[in-house]
Amino acid sequence: MNLTGREDLFVDGVVEGKLSLTTNSCLTVGPNGHVKADVSAREVIVRGKIEGKVTGPRQGSALSTGQVFGEVQTDRLAIEDGALLRGRVEAGKQPNKAAEIKASAATATAKLSTRPR
């Protein structure tokens with residue numbers, strides 16, 4: 001099942017497939033929730049269980065009853081005592097590709113202009 005939306009979503013049952021919310025939405029997986037899906041939302045709060053890739057550009061939170069199995073990519077990550085997280089985590093601001101290219105070009109230009117003649 002592919003589920004998309006523009007509003008906050010609370011899941012307290014079983015969802016399998018792909019779950020994608022807009023960049024202004026929050027996904028909360030309730031204590032009885034079990035999500036087997038790649039998840040994308042502005043913020044993801046886990047009180048139940050998620051299996052899959054979790055992308056939350058603003059924040060991800062695994063509360064005391066939360067379990068996350070898979071890859072997590074977010075700017076900030078909060079993990080309460082008792083929560084379980086198994087997998088790969090990338091936390092922190094991701095570099096802007098345009099800024100990265102611009103910086104690389106500026107470095108290359110600086111190297112060219114400092115060569116002895």
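Buried means under 20% relative accessible area, exposed over 50%, and partly exposed in between (1.4 Å probe, protein chains only). Strands (E, at least two residues) and helices (H or I, at least four) are DSSP runs, numbered from the N terminus. The model is predicted: local features need pLDDT of at least 70, side-chain atom pairs count only at pLDDT 80 or more, and totals for chains, interfaces and linings use all residues. Residues are numbered from 1 along each chain as its sequence is written, and side-chain values use heavy atoms, leaving out hydrogens and water.

**View 1. Strand E6 is covered on both faces.** E6 spans residues 43-46. Glu43 and Ile45 are buried on one side. Val44 and Val46 are buried on the other.

**View 2. E6 pairs with E4 and with E8.** Two strands pair if DSSP finds at least two bridges between them. E4 (residues 26-29) runs parallel to E6, with four bridges. Thr28 has Ile45 of E6 as its bridge partner. E8 (residues 54-62) also pairs with E6 in the parallel sense, over four bridges. Here Val46 is bridged to Ala62 of E8.

**View 3. Thr74 is a buried residue of strand E9.** Thr74 sits in E9 (residues 67-79) and has a relative accessible area of 4%, so it counts as buried. A polar contact is a pair of N or O atoms within 3.5 Å; within protein, one must be able to donate a hydrogen and the other to accept it, and residues adjacent in sequence count only if both atoms are side-chain atoms. A polar side-chain atom of Thr74 lies 2.5 Å from the backbone oxygen of Gly56. The backbone nitrogen of Gly60 is 3.4 Å from a polar atom of the Thr74 side chain. Contact means heavy atoms within 4.5 Å. Leaving aside residues up to four places away in sequence, Thr74 touches Gly56, Pro57, Arg58, Gln59, Gly60, Glu90, Ala91 and Gly92.

**View 4. One cavity of 30 Å³ or more is present.** A cavity is a set of points, on a 1 Å grid over the protein atoms alone, where a 1.4 Å probe fits but cannot get out; lining residues have an atom within 4 Å of a point. The largest cavity has a volume of about 100 Å³. Its lining holds 14 residues, with Val54, Gly60, Val68, Val72 and Leu77 nearest its centre. E6, E8 and E9 each give at least two lining residues. E8 supplies the largest share, six residues.

How values were computed: 1 Å grid on protein atoms, 1.4 Å probe; cavity = no way out; pocket = protein on both sides within 12 Å on 5 of 7 lines; lining within 4 Å. Points joined across faces, edges and corners; volume = space filled by probe spheres on them.
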